[in-house]
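Please read these points with the model open beside you.

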Amino acid sequence: MIWQAWKGSERRVRIGELSRRTGVAVPTIKYYVREGLLPAGRLTSPNQADYDETHERRLRLVRGLIEVGGLSVSAVREVLAAVEDTDRPVHKVLGSAHESLTPPHAVGGAELAGAREAVAALVARRGWQTAPDGAAGEALAGALATLRGLGHGGFEEVLDAYADACERIATADLTYVGRAPDVERLVEGVVVGTVIGDAVLSAMRRLAHTDASARRYGAADD
C-alpha cells in the first residue's frame with residue numbers, strides 16, 4: 001500500500017505540523033485516521049505519534065477528493081481501495097475506481113428507457129470499449145432522461161460533439177498519468193484527474209461559455 005512505505009531518510013513531524021502543512025484541522029486528521037482514510041502515525045510514546053511525507057501526500061489526496069471532488073467518506077474509502085488494488089490489471093483497477101467515483105442516477109419514469117437506448121447507440125456508434133449500462137452510462141442516461149422530461153430532448157443532437165471533446169480529454173488525461181513511475185501513482189493520477197479534473201473541466205466550460213456568448217451575441221454591457 002502507498003501508506004505503508006516508511007523511509008528512514010524521511011522527515012517526520014507531529015500532527016500539529018502535519019495540520020499546518022496541509023491546512024487540515026487536527027480533529028479532522030484524527031477523524032480520517034479513525035475512518036481508515038489515513039494511516040495512524042508511528043507511536044513514539046503512549047500519547048504521541050509522528051507522521052512522514054506519505055501521510056502528507058495521502059492527506060492532501062483525501063482532502064481534495066472530499067472538499068473539491070465532493071465525495072463522501074464512504075466513497076473516498078472505496079476509491080482508495082481501488083488505488084491500492086495493484087494486483088489486478090491496470091484497466092480493471094481504473095474501471096473500479098471510475099465505478100466508485102460515479103454517483104448513481106436518481107431518475108426514473110418513461111424517459112429513462114429511451115435515454116438508455118440513446119446511450120447504447122452512442123457507445124456503439126463511437127465504437128467505445130465500455131458497457132453502456134455501467135455506472136457512467138447509467139449516469140448519462142439519467143441526465144438525458146432529465147433533459148427529455150424538461151422538454152430538451154433535442155440536446156442529444158450535440159452528443160457526438162461532446163463525445164469528440166471527451167475523447168480528446170481522455171487521451172490527454174491518460175497521456176499525463178502514463179508518466180507515473182508505478183501503478184499506484186498511475187491509478188491515483190486517474191482518480192485525482194477524474195475528481196479534480198471534473199472541477200477543472202466544469203470551470204473551463206463556464207469560461208468558454210462566457211467567451212462564446214460574447215463572440216456570438218456581443219460582449220455584455222459594462
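**Notes on the predicted model**

1. The second largest pocket holds about 230 Å³ of space. Keep in mind that this is a predicted model. Two elements each give two or more residues to the lining of this pocket: helix H2 (26-34) and strand E2 (48-50). H2 gives the most, with 4 residues.

2. What lies nearest the centre of the second largest pocket? Of the 13 lining residues, these are Ile15, Lys30, Asn47, Ala49 and Tyr51. By class, the lining has 7 nonpolar, 3 polar and 3 charged residues.

3. Helix H4 covers residues 73-84, which is 12 residues. Its length checks out: at 1.5 Å a residue the helix should span 16 Å, and its end C-alpha atoms are 17 Å apart, which agrees.

4. Which residues of H4 are buried? They are Val73, Ala75, Val76, Val79, Leu80, Ala82, Val83 and Glu84. A charged residue, Glu84, is in that list. As background, an α-helix has 3.6 residues a turn, so residues three or four places apart point the same way.

5. Tyr162 sits in helix H8 (residues 159-177). Is Tyr162 buried, partly exposed or exposed? Its relative accessible area is 34%, so Tyr162 counts as partly exposed; buried would need a value under 20%, and exposed one over 50%.

6. Leaving aside residues up to four places away in sequence, Tyr162 touches Phe155 and Arg205. With Arg205 there is also a polar contact: the two side chains are joined at 2.7 Å.

Terms used:
Residues numbered from 1 in each chain as written. Predicted model: local features only at pLDDT ≥ 70, side-chain atom pairs only at ≥ 80, totals over all residues. Heavy atoms only, no water. Expected span 1.5 Å × (residues − 1). Buried < 20%, exposed > 50% of the residue type's maximum accessible area, 1.4 Å probe, protein only. Contact = heavy atoms within 4.5 Å. Polar contact = N/O pair within 3.5 Å; in protein donor to acceptor, adjacent residues only side chain to side chain. 1 Å grid on protein atoms, 1.4 Å probe; cavity = no way out; pocket = protein on both sides within 12 Å on 5 of 7 lines; lining within 4 Å. Points joined across faces, edges and corners; volume = space filled by probe spheres on them.
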